Each structure stands twice: as C-alpha cells, then as structure tokens.
Amino acid sequence: MATSYYLKRYPTAISGSIFTFMGLLPVWICLGTGESLKDSVLFYLTSLVSFPGVIMAGMSLLFLILGLALLWRTGRVIRCRLDDHGVHYVPLAPLPDRPALFGDILGALFGTTLRPRLALIPYEDIADVQVRGDRRKGFNLYIQRKSSGLPEHLQTLTTLSQPQLLDIQQRVRARL
C-alpha cells in the first residue's frame, strides 16, 4: 500500500498568491492611477505593441501562469511516497531525461517542479534511515545506502514536519 507525503498547503498558496499578484501588477498600477478596470486592461493590452511592452507583458504573463498553476496545485505537491518498491522522493538535481535548464529554472522558482519525477531508492539498497536535526534548524531524513555507505541527505524533504519524517523512518525500518 502506497503512502504519499505532500508539501504543506500554506507555503504553496502564499507563493501562488504572490506570483499571481506580480502577474497582475501592471493592471493594479493602472488601476491605482484612477482609471477604470476596462481602461487599465486596454492600456495593458495596447502596451504590447512596443518592444519593452512585449517583455513586460511576457514576464507578467509568466508570473500569472506560474501563480495560477501553484494555486491550482495547492496541497498536491508531492515530496515523498513509500510503496512496495522503495522510497520515492523528489531529487534536487535534474534527472537525465529532463533538460537541465528547465529543471534549474523551476527549481529556483518552486524548489521543485509542479509535477516532479520521483527518484527511487529500493528497500534492498537501504542500510539505515535516520531523522536528524533540531527545532531551530529543522529536521531532515538521511538514508544510508548499502552501495555507497554514505548517508544521503534528502534535501527536498525538509518541508515535511517532524512527525511525518518519523513516520517515514518507522515505515522504512519496518521494511528492512
């Protein structure tokens, strides 16, 4: 039976709201000058004719799309999944079949992609699993692989709470 662990709702909602606000910023600025909503939107659309206007509109459209995508995905951004095969987690480095630039841009904006490809650590390759950290710095999960012998720090799981990390540790140790 698979168990999934997701990013908390409020950071995703806050990020989505900020990006949406930034995407609509030119319209808000026009509204602040005392124009009506219709005039503000028309001014925004007519500014697309000049070259700087195209860049401004492109950036605001990008922010608007990213913000709405984040708001749409609130509460559904996966961080970790345990199933019969092993521990699936969101890797920080791009996967070989995904272009690196695209992964780096989304990693910088979101910390992960909207629909991440999960990396797998099979249970057969896990020697030990530990939760380390403190309340001030936060808790994280370390998995020691049999193949490398070094503990691997799963950085994208820092957004999970301590009880969730302890639950992952307990479930993985039960499978070892």
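In the predicted model described here, Y89 stands opposite A119 in strand β4, and β4 (residues 119–122) is joined to strand β3 by four bridges, the two strands running antiparallel. Strands are DSSP runs of E with at least two residues, helices are runs of H or I with at least four residues, and both are numbered from the N terminus; two strands are taken to pair if DSSP finds at least two bridges between them. The model is a prediction in which local features need pLDDT of at least 70 and side-chain atom pairs count only at pLDDT 80 or more, whereas totals for chains, interfaces and linings use all residues. Residues are numbered from 1 along each chain as its sequence is written, and side-chain values use heavy atoms, with hydrogens and water left out.

β2 and β3 form a hairpin with three residues between them, and L82 stands opposite V87 in β3.

T3 is found in strand β1 (residues 3–6) and, at 17% relative accessibility, counts as buried, a class defined as under 20% relative accessible area with a 1.4 Å probe and protein chains only. The side chain of T3 makes a polar contact with the side chain of R171 at 3.2 Å.

A further sheet is open and consists of three strands in the order β5-β6-β7, with antiparallel pairing. β5 (126–134) and β7 (151–153) stand at the edges with a single partner strand each, so one side of each is left without a neighbour in the sheet. β5 pairs with strand β6 (residues 138–145) over eight bridges in the antiparallel sense, and Q130 stands opposite Y142 in β6. Helix α6 (residues 162–175) packs on the sheet, where it touches β5 and β6, and its direction makes about 165 degrees with that of β5.

Helix α1 (residues 9–23) and helix α2 (residues 25–32) pack with their axes 4 Å apart and at an angle of about 60 degrees. Axes are lines fitted to C-alpha atoms, for helices over the stretch in contact, and angles run from 0 to 180 degrees between N-to-C directions. F21, M22 and G23 in α1 meet L25, P26 and W28 in α2.

How values were computed: Buried < 20%, exposed > 50% of the residue type's maximum accessible area, 1.4 Å probe, protein only. Polar contact = N/O pair within 3.5 Å; in protein donor to acceptor, adjacent residues only side chain to side chain. Contact = heavy atoms within 4.5 Å.
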